[in-house]
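This briefing guides a first reading of the structure shown below. Please keep the sequence and the 3D view at hand while working through the points.

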Amino acid sequence: MNAATETAVAGETAGREVLLKVENVSLSFGGVRAITNISFDIQKGEIRAIIGPNGAGKTSMLNVINGFYHPQEGVITFKGEARSKMRPYEAASQGIARTFQNVALFKGMSTLDNIMSGRTLLMKRHFFWHLFHYGPARREEIEHRRKVEEIIDFLEIQHIRRAPVGRLPYGLQKRVELGRALAMEPELLLLDEPMAGMNLEEKEDMSRFILDVNSQFGTTIALIEHDMGVVMDLSDRVVVLDYGKKIADGTPEEVQANQDVIDAYLGVSH
Amino acid sequence: MADAAAIAGGRLDTFPKLLLRNATARASRPAMREKDLGIWQTWTWAEVLDEIRAFALGLQDLGFKRGDTCAVIGANRPRLYWTIAAVQCLGGTPVPVYADAIAEELAYVLEHADVAFAMAEDQEQVDKVLSVGDRLKSLRDMVYDDPRGLGDYDHTRLHSFEAIQAKGRERLKNEPGAAQAFLDEIELGKGSDISIILYTSGTTGRSKGVMLSAERCIAAASDTAAFDKLSDADEVLAYLPLAWVGDHYLNYAQGMVAGFCMACPESAETVQHDLKEIGPTFYFAPPRVFEGLLTRVMIRMEDASSIKRRMFHYFIDVARRYGEDILDGRPVPFSGRLLYGLGNLLVYGPLKNVLGFSRIRTAYTAGEAIGPDLFSFYRSLGLNLKQLYGQTEAFLYVTAQEDGHVRSDTVGPAAPNVEIKISETGEVLFKSPGMFIGYFKNDTATAETVDAEGWVHTGDAGFFDHDGQLKIIDRAKDVGRLVDGTLFAPKYIENKLKFFPNVKEAVAFGDGRDFSCVFLNIDLNAVGNWAERNNISYASYQELAGHAQVYEMLQSNVDKVNRDLANEPTMAGAQIHRFLILHKELDADDGELTRTQKVRRSFIAERYAPLIEALYDGSSEKFIETEVTFEDGRKGRISATVQIRDMTVYPAAEEHKEAAE
């Protein structure tokens with residue numbers, strides 16, 4: 001990327017509408033404060049990275065965003081609507097999907113069925129009809145299957161369509177999990193360490209998929225990642241946490257130059 | 001003024017004319033299938049013509065002229081095949097390029113072939129072409145099939161396939177003469193036109209562009225389609241590389257001639273599933289594919305329940321006894337037929353179904369030597385697997401085995417209308433209906449390959465066996481002679497040894513020597529497994545390789561090879577007199593193998609000179625120290641005293657053999 005496009009991107013980012021806003025959020029478990037008074041926003045259409053050393057509160061932050069944890073203090077505004085307490089499935093039906101640090105798929109089910117399960121919330125017909133696979137339920141399933149096939153095509157996993165996911169290599173399981181999240185057609189996609197445990201080639205593939213999801217479907221993405229190369233290349237803006245506090249927020253270049261970040265996390269810039 | 005029916009009824013000497021014929025005579029028969037979003041989509045011959053015509057007219061609008069060349073880069077996608085046909089319709093020459101070619105190779109081919117247009121499958125291929133764009137002076141426009149990721153690219157000289165087709169369809173609607181112009185272009189095509197330029201893979205030096213003329217392509221394809229009785233009821237799965245002569249011949253050319261349906265796999269990884277779903281009737285695969293399948297079947301069977309496992313092994317044994325005889329129509333006892341029928345019901349049928357082989361009438365393998373056991377395994381299941389020998393320069397077929405006359409160690413008699421001659425040096429020469437016109441822009445190479453009398457030199461050494469089948473033994477330049485003048489073909493001997501599971505690598509020596517000797521490498525998996533079962537403990541590869549019982553075992557393998565060689569008049573003199581098992585595995589890191597795992601004979605000879613000396617001076621063991629490179633790049637030295645074994649040499653069985661027949 002040359003300098004001209006970089007400024008263009010930065011300019012674009014500045015003008016974007018805010019999709020999710022986190023204001024003064026604190027979360028503690030008993031006496032342990034996991035997150036202390038954190039505020040940041042995620043703009044529509046961007047790739048936002050959340051980084052920090054181990055135990056910095058990144059995953060807790062993600063869990064707060066998708067309603068799995070309820071912060072004791074602070075407000076989260078999604079699509080202009082403030083919320084206090086929300087269950088994960090409510091977050092999901094509002095358009096927030098996620099993948100997990102440790103793959104959380106249905107191991108005994110096929111790739112196809114796993115991704116199909118991502119569409120549960122979008123199925124409108126009554127359970128009764130689906131039981132008999134009849135009439136409107138049948139038509140609906142065909143429609144959803146088409147969407148799922150598009151995702152399979154997009155992620156290039158046609159060859160494992162029928163394979164039980166438990167038997168797949170880790171890199172592919174991660175890809176299936178991304179597929180399931182995409183099946184929800186989310187507005188905001190939360191990725192918890194999408195590259196963990198992958199080899200270089202798998203990381204390159206995953207990076208390409210993340211960029212393609214962002215550019216082709218316009219999905220906003222928030223990701224946690226430890227691989228700094230990936231974070232710096234993929235993300236538009238980065239927020240850095242350390243011991244549950246926000247220590248920096250900005251473009252990858254800004255964050256990389258920030259002395260607090262270098263001290264806390266990055267070590268010597270390379 | 002030409003009309004479609006008239007062209008189709010005339011002399012069919014180009015592929016576009018065959019296309020018109022098929023679109024008329026087989027209008028509603030399936031011509032092409034592709035799996036899209038998990039569902040097989042089918043185009044009839046009439047629809048395929050429609051697609052090709054729309055694209056060709058769009059391409060013409062873009063400025064494509066008779067004589068232009070167009071690169072086709074990518075995997076087996078219908079639209080890439082249609083591009084080949086559309087370019088041929090317009091009197092241009094398609095130049096397919098391997099999808100996995102690196103940018104440098106791609107640049108060489110595109111530059112050398114002066115391509116004016118390029119059809120790229122997807123973003124990856126577009127990027128590759130763009131990365132070398134400054135070298136491609138003649139390239140005017142590029143078309144892509146899959147739009148993914150290409151949205152933001154500069155589209156002044158880049159076009160989507162759909163856009164070009166839309167332009168063509170618009171012309172058909174608004175321009176009264178468009179449809180006629182398309183037919184006129186086809187009618188202008190002559191049989192002597194260059195139909196396609198196929199670049200050889202270039203394992204030795206720069207790849208060369210093999211020019212094939214339309215009439216010769218069609219003549220060759222018609223002969224073999226008749227030979228294997230291919231018709232429009234047949235079906236193939238096009239999974240071989242698009243730029244390889246095998247794919248263009250077996251699928252495109254034979255498909256056009258016989259009018260059968262070509263199915264494109266969903267992706268390279270799904271070929272195995274697609275094979276099962278399509279159930280082709282004609283199939284080609286190199287030996288390593290068959291080997292990989294067999295390994296997978298065996299591993300799965302190891303995991304099966306004991307009843308199933310026992311049933312499998314019992315019936316595979318039955319198949320081994322009667323299968324090939326039944327396939328070739330030889331007499332088999334009634335009880336054997338009964339058992340085989342039961343086996344077919346319980347094992348062979350279901351197994352072939354899983355592998356996608358249920359409907360195959362004819363299958364070919366070629367490219368390298370195939371192990372006799374491997375070959376027999378598939379044939380005994382009732383799969384009509386045969387061998388052929390071919391070259392890009394011949395537009396594939398030089399020899400092919402006839403149904404019922406199949407052997408694992410030969411490649412068959414000359415294919416229909418092919419003439420074969422063995423030169424004085426033992427090189428195989430041929431003249432064939434499909435033989436090439438010459439190398440593109442490389443007359444020197446053409447003159448080197450085709451002699452004054454029109455014989456094409458294959459560069460392979462071979463001889464005709466007693467029943468008139470050709471045996472290919474080695475590359476001609478690798479074949480040497482013993483001191484007494486006996487033919488010495490190292491690869492031929494090495495391959496025979498490598499068919500034993502215990503032997504991983506073999507290196508034969510003998511050129512300019514009194515007799516032949518070999519170095520062997522044991523296969524640590526196979527021999528290690530054997531050691532485990534026989535309670536033989538060992539600490540290292542070296543120790544296992546030097547074990548007396550291992551030597552015994554390999555000695556019996558070498559003995560079998562010698563018996564085999566004794567049965568072949570030409571090779572009997574090259575029987576192995578002495579052998580040794582190397583104390584280390586040959587390794588590409590040490591420069592002993594190429595990166596593609598081929599032995600570098602002369603390098604090995606130099607590195608292990610003391611061992612070779614010992615092989616020929618009669619000593620029974622020899623101390624050797626060798627430097628080795630570890631995986632992390634560190635160097636070390638290993639030393640060992642290597643034993644050498646003498647072998648029994650059998651008298652040549654020429655007379656005996658002839659008497660027996």
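B:Pro280 lies in the loop that runs between α11 (271-278) and β12 (282-284) of chain B. The model is a predicted one. The points below describe the surroundings of B:Pro280, then a pair of helices in chain B, and finally the contact between chain A and chain B.

**Surroundings of B:Pro280**

- B:Pro280 has 25 C-beta neighbours inside 10 Å, and therefore counts as buried.
- Apart from neighbours within four places in sequence, the residues in contact with B:Pro280 are B:Glu235, B:Val236, B:Leu237, B:Leu275, B:Arg359 and B:Ile360.
- B:Thr362 is 82 residues away from B:Pro280 along the chain, yet their C-alpha atoms are separated by 9.6 Å.

**Two crossing helices in chain B**

- The axes of helix α13 (residues 306-327) and helix α15 (residues 372-380), both of chain B, come within 8 Å and cross at roughly 70°.
- Because of this angle, α13(B) is roughly perpendicular to α15(B).
- The crossing in which α13(B) passes α15(B) is left-handed.
- On α13(B), the contact is formed by B:Ala319, B:Arg320, B:Gly323, B:Glu324 and B:Leu327, while α15(B) contributes B:Ser376, B:Arg379 and B:Ser380.
- Sorted by class, this contact of α13(B) with α15(B) holds 2 nonpolar, 3 polar and 3 charged residues.

**Where chain A touches chain B**

- In this interface, 9 residues of chain A are in contact with 8 residues of chain B.
- Helix α6 (residues 136-155) of chain A supplies 4 residues, the largest share of the side of chain A that touches chain B.
- That side of chain A comprises 7 charged and 2 polar residues, with no nonpolar ones.

Definitions and conventions:
Residues are numbered from 1 along each chain as its sequence is written. Chains are lettered from A and ligands numbered from 1 in the order in which they are written. This is a predicted model: local features need pLDDT of at least 70, side-chain atom pairs count only at pLDDT 80 or more; totals for chains, interfaces and linings use all residues. Axes are lines fitted to C-alpha atoms, for helices over the stretch in contact, and angles run from 0 to 180 degrees between N-to-C directions. Angles under 35 degrees count as roughly parallel, over 145 as roughly antiparallel, 65 to 115 as roughly perpendicular and the rest as oblique. A crossing is left-handed if the near helix is turned anticlockwise from the far one by less than a right angle, and right-handed if clockwise. Two residues are in contact if their C-beta atoms, placed from the backbone, lie within 7 Å. Ala, Val, Leu, Ile, Met, Phe, Trp, Tyr, Cys and Pro count as nonpolar, Asp, Glu, Lys and Arg as charged, and the others, Gly among them, as polar. A residue is buried if 20 or more other C-beta atoms lie within 10 Å of its own, exposed if 12 or fewer, and partly exposed in between; C-beta atoms are placed from the backbone.
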